[in-house]
Amino acid sequence: MPDRETPDERNSAAGLVEVPAPYALVAEVTHRCPLRCPYCSNPLELIRRGQELCTDEWLRVLSEARSLGVVQVSFSGGEPLMREDLEILVSRARELDFYTNLITSGVGLTQERIGSLASRGLDSVQLSLQAADPTLADRIAGRKSYEEKRQAAEFIKAADLPLNINVVLHRQNLDEIERIIDLCLSWGAERLELANTQYYGWAVANRASLLPSRRQLLTAEAICKRKRAVIGERMEIIWVVADYYERMPKPCMGGWGRVQLTITPNGYVLPCPAATTIASLEFETVRAHHLSWIWSESPSFNCFRGYDWMEEPCRSCDRRFEDFGGCRCQAFALTGEAARPDPVCQWAPDRSLIERVISSSSEMSINSSEQERAKPASALSYRKYPETLDLNLR
């Protein structure tokens, strides 16, 4: 293993694009998870418990992140509640004056555990929800979990913590959009993020069962806008666009290596949570390098910064200052080349790849979507966890 460099041991590499300090860190403390969501953003090859960063390593990483300028840490996974040292990590984050967020399935969250985390300085919680209908929610999650999520929401509110709910949208649950919004409001959510599925990682294997029709999507978005107007300030509602049906790419993660960084359970540092899907890139680990060096100087973080790497039509497009070329993971997933223009763009030479994928779904009616939802669970491909993965909750 090479020596770990400190920021002072290297000069900034010539020609690198200057970037501001990262705002946020997503700390994926484990890949262990009680759920088997068919759109899971974790890699196809999960990190085993024995490969995870230990407590001391995470404590050091938090200190390095604060020195780098990070102000917000989200403890994620997998299911972060499976880490017995989560309270220790939250306490250290509070000492370092981070804003802390817990991203959880809610499975295994007890009133005592959330109280303990709150007393250690946890600032907010993001709870996942699969659907408003309990049976459908459990089917999507791959196990019974709806009731545990409902109880988790109660415990979070009782601990006087802000409750944010995230719902990944797709063909199986989009027709429930109004019920989902009403349910989250009744659970006391202050913020609801309705995130249309992004198709890389495990979601690619289920794309045929997850990709909605254009009509279904437009109907759901219209309902969302109407409900937002009615609910007003009682609950913030965020609609994350469905990439495949857009004509312009979004600035994925605010641009490659510009706003946030993700650290995997075994210490690899990524510009976005899905970056490991880009097989042509090698990423650096905090076990070998200082976090500051990885952010500012590593090849993986600099390869898609700036504009010189862009191909046409991106390189001469005025939108490059807004979308930074779109999503690199999406470009790789669809074209096999991460530097290609995001095929979502209407001017991208590979736009036909998107059109072919959505052609059948865009012609589907809402009724056929209901028929698809009624199919047995075998219509979805679920992750099979290795037996050696310890899925026991504390």
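Start just after helix H5, where Asp 160 takes a positive phi of about 60°. Helices here are DSSP runs of H or I with at least four residues, strands are runs of E with at least two, and both are numbered from the N terminus.

A word on the source. This is a predicted model, in which local features need pLDDT of at least 70, side-chain atom pairs count only at pLDDT 80 or more, and totals for chains, interfaces and linings use all residues. Residues are numbered from 1 along each chain as its sequence is written, and side-chain values use heavy atoms, with hydrogens and water left out.

Buried means under 20% relative accessible area, exposed means over 50%, and partly exposed is in between, with a 1.4 Å probe and protein chains only.

Two strands pair if DSSP finds at least two bridges between them. E3 and E4 pair in the parallel sense over 4 bridges. Axes are lines fitted to C-alpha atoms, for helices over the stretch in contact, and angles run from 0 to 180 degrees between N-to-C directions.

Within E4, look at Gln 126. Is this residue buried or exposed? Gln 126 is buried, because its relative accessible area is 17%. Its contacts beyond four places in sequence include Asn 101, Thr 104, Asn 164 and Glu 193.

Next, H3. Arg 113, Ile 114 and Leu 117 are its buried residues. They lie on the same side of H3, because they cover an arc of only 95° around the axis; the arc is that of the directions from the helix axis to the C-beta atoms. On the other side, Glu 112 and Ser 119 are exposed. The buried residues of H3 pack against helix H2 (86-95), strand E3 (99-104), E4 and H5. After H3 comes Gly 121, with a positive phi near 120°.

H2 and H3 pack with their axes 9 Å apart, at an angle of about 25°. That makes the two helices roughly parallel, a label used for angles under 35 degrees; over 145 is roughly antiparallel, 65 to 115 roughly perpendicular and the rest oblique. Leu 86, Glu 87 and Val 90 of H2 make the contact with Arg 113, Ser 116 and Leu 117 of H3.

Last, Val 70, in the loop between helix H1 (55-68) and strand E2 (72-76). Val 70 counts as buried because its relative accessibility is 0%. Among the residues it touches are Pro 22, Phe 98 and Leu 261. Leu 261 is 191 residues away from Val 70 in sequence, yet their C-alpha atoms are 9.3 Å apart.

Technical notes: Contact = heavy atoms within 4.5 Å.
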